[in-house]
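Hi,

Here is the structure I promised to pass on. Have a look at it, and then read on for what turned up.

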Amino acid sequence: NSGVMALLRPLLLDVIPTIQQTAALALGRLANYNDDLAEAVVKGDILPQLVCSLSEQNRFYKKAAAFVLRAVGKHSPQLAQAIVHCGALEMLVICLEDFDPGVKEAASWALGYIARHNSELSQAVVDAGAVPLLVLCIQEPEIALKRIAASTLSDISKHSPELAQTVVDAGAIAHLAQMILNPDAKLKRQVLSALSQIAKHSVDLAELVVEAEIFPVVLTCLKDSDEYVKKNGATLIREIAKHTPELSQLIVNAGGVAAVIDCIGSCRGTVRLPGIMMLGYVAAHSENLSMAVIVSKGIPPLCACLIEEPEDHIKAAAAWALGQVGRHTPEHARAVAVANVLPTLLAMYMDTRSSEDLQMKASILTKKALKNILQKCTYLPALEPLLHDAPPNIMKYIVGQFSKVLPHDSKARRLFVTTGGLKKVQEIKAEPGSLLQEYINTINNCYPEEIVR
Amino acid sequence: FYIFRSVDEDRKIEYKAAVKIQSWFRGCTVRAYLRYLNKMVIFIQKWWRGYQSRRYFRRMVETAYFIMKMNFYNEMAVRIQKRWRGYNVRKYIHNYYALKKYLEAISVNNEIVRNELQEYAEMKENEEKRKDLEKKEKEKKYQARKMHYLLSTEQIAGIYNSPFRKSPDPMELLLRKSKPLSHRRQQIKSPLGCELYDWPTCKRPPAFSTVQPLPPIGRQKPQGPFRDTAEVLRQRYKPLEPTLRVAASINSPLEKAREEMKREEWRNRIHDNEFLPFSSYNKNEKYDPSIHRSGKYGQETYGIKHFREVQPKKWVADKDFQTVLPSIVLFEKFGKTYSRTGQIV
């Protein structure tokens, strides 16, 4: 700030190597701290200098220089773009070929931060030929290097399918899959996140990931003691499950559903979210799969999530997942209704109706879930309590279901009258000629006139 | 004059009478002729109309028969289709029992997976605990070695060996066991050590110390004089040389003969249309034989449907001929494919 850049810059060109390294380290720390300082570093024209002197210096200088680049690149895409402009990528790639693992680590960290911002920058990193070298880095014995290389690969492949394909073509999947067995928790986090970024883009990539035989092994990650490992493992399984029914079928056959359900049960907070979404995706594909989810005792944890979680988006995700499970056939809707979750859904819908954007999305999802389940639900004891509280647009589905079931089932008719449902139905005001009125008429026709009055 | 007039009048009367008689007679003949013609015409028309209506009647009967048969076939086809569709849906499209089994299998599998994961989690926990314990042990031992001078001597009891205690403190025992730490060692020893670098290759989870090392495999030298490797390989990779009987297919002479026949026929056929003479060029109606001429319910079957008379009473061994050699496949199907009543309408 106080002209420190101008002072540090000539020090970089000093004869004594220690001074150069320390100056570079100081610059790096300054840039690391704050946006503006990083911009000042860029404006002070220091980067080209660093880049030029990188090639002939020793490894400590390289490490420090890579640290500076990383510190500058992490704040915003424009700064990262500036780094790319001054040709730093080639230098970083040359650093990746160095023998010292510390240098490789610093270089791949810098590349990772640059590639994180957007896909053009990632493309630039890939064009500089970094991906094969990163795959080599992953195979190195040092764990820190593996971690950083895995996280860089994950950042590169997350933007677009072509980038993911490039990463896959370099043979990364096999090595990443082997490293899932590693006991180190942070490494597992990065590896799982890399695999899930690769698998999320298309069916072929997901199939490639599955072919690397991750399946029973990934389930052990779901039991790890580290929360983020569980989260990333669940994310990976979610990304694979969401593409096609066959992939979901594969996961179900390998017992993945049970593992994810246990995982949801044991965690709290946002860590649960990918597991919930995974169950929703699996159940959405076909009714056999959602029956499999029900059979694996998936509904109680989802209900628990719905009730306990304070955050809206997790609630919305749980509601969506329940909607997907229950919407296929009356059997499924019955399984969901038996778990006594419909009143909770209704309460959630009515709660969140009058709020802002996020809650709007939550309320839309809850409404759709309710609608889907109600349209198939023939389990009348669960529908009764809803009659009393529901708003008009939900009411028509509930009454519709009653009007479908009551004409055929005499015991249900008796129960309906005794629990006061018929009285409630009479109290509903509906415009004549609307669907609601028709349903009410159908219900009234099931009973003799005196009772109706 | 009166005589001439009377003769004249007689003549007139005779003339008129003759005319009358002749006219009446001619009328009679003509009428008889007309009657005759009428009768003939009636006869012809009667015969012709009878023939037309009989033909029409026969056609109607044939159509009614055909429709009856087709209804019957349709019903049978419906029955078959009903059975087949039920079977198909139940077996392939929505197999309830298979679905049930599948779901049960999934729950069993889930149980297994859950158990295994539980075991894995427990194992990891145990591992953690063991690591902690080991660390503590190491710490204690290190402390004991450092503070070796606190050991009690013959004269003076040490700190850990208070005379008021019944038995010495475990620390005392440790002190007794441990070797005193030399000064040089102290610098090199780093208390914590990097746990991560314990597993340099990181390709497998660490092997636990409780796993017993496997007993050594008995190295017995393989015995005996061995054949030359080249010979062995030659024997192993010798290509198959099948006999002629195995190499040729079973039906080969028969098949070859059939191929010959097919080729001959194909060669000798000049064109595929039937040769029609010119007189039948405009006639496109087939002659409908009268019912009397046709067979019992259709045409006579001998010569068309079967042409070998069967008289079981004359059989020698109460058995019909058996086909030993395979007959010509095309002729086997003669008369046995779907019935020809469909060709009538």
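**What I found**

UniProt, in an unreviewed entry, lists residues 110-146 of chain B as a "coiled-coil region". Keep in mind that this is a predicted model. In the model, that span is 100% helix and 0% strand, and its end C-alpha atoms lie 53 Å apart.

Staying with chain B, take a look at helix α3, residues 170-177. Its buried residues are B:M171, B:E172, B:L174 and B:L175. Seen down the axis of α3(B), they fall within an arc of 160 degrees, so they line one face of the helix. Part of what covers them is α2 (96-146) of chain B. On the face turned away from the buried side, α3(B) carries the exposed residues B:P170 and B:K177.

There is also a nonpolar patch on the surface, formed by B:V30, B:Y33, B:L34, B:Y36, B:L37 and B:M40, with about 580 Å² of accessible area together. One of these, B:Y36, lies in helix α1 (residues 2-93) of chain B. B:Y36 is partly exposed, at a relative accessible area of 47%.

Now for chain A. It has 32 helices and zero strands, and 54% of its 453 residues are buried. If you count contacts in chain A with a separation of 6 or more, 71% of them are between residues 24 or more positions apart. The accessible surface of chain A comes to about 18,900 Å², and carbon and sulfur atoms account for 54% of that.

A:D100 lies in the loop between α7 (88-96) and α8 (101-116) of chain A, and A:R59 in helix α5 (residues 59-73), so the pair ties together parts that are 41 residues apart in sequence. A:D100 counts as buried at 15% relative accessibility, while A:R59 counts as partly exposed at 42%.

Another salt bridge in chain A is between A:R116 and A:D155 (3.2 Å, N to O). Here A:R116 sits in helix α8 and A:D155 in helix α11 (residues 143-157), so this pair ties together parts 39 residues apart in sequence. A:D155 is buried, with a relative accessible area of 7%. Through salt bridges that share partners, A:R116, A:D155 and A:K158 are joined into one network.

Chain B has a salt bridge too, between B:R227 and B:E231, with the closest N and O atoms 3.7 Å apart.

Cheers

Terms used:
Residues are numbered from 1 along each chain as its sequence is written. Chains are lettered from A and ligands numbered from 1 in the order in which they are written. This is a predicted model: local features need pLDDT of at least 70, side-chain atom pairs count only at pLDDT 80 or more; totals for chains, interfaces and linings use all residues. Side-chain values use heavy atoms; hydrogens and water are left out. UniProt positions are given in the numbering used here, feature names are shortened, and annotations may be inferred rather than shown by experiment. Helices (H or I, at least four residues) and strands (E, at least two) are DSSP runs, numbered from the N terminus. Buried means under 20% relative accessible area, exposed over 50%, partly exposed in between (1.4 Å probe, protein chains only). The arc is that of the directions from the helix axis to the C-beta atoms. Contact means heavy atoms within 4.5 Å. Patches are made of residues with over 30% relative accessible area and no salt bridge: like charges are joined within 9 Å, nonpolar side chains (Val, Leu, Ile, Met, Phe, Trp, Tyr) within 5 Å. Accessible areas come from the Shrake-Rupley method with a 1.4 Å probe; for residues, only the protein chains shown count as cover. A salt bridge is a side-chain nitrogen of Lys or Arg within 4 Å of a carboxyl oxygen of Asp or Glu.
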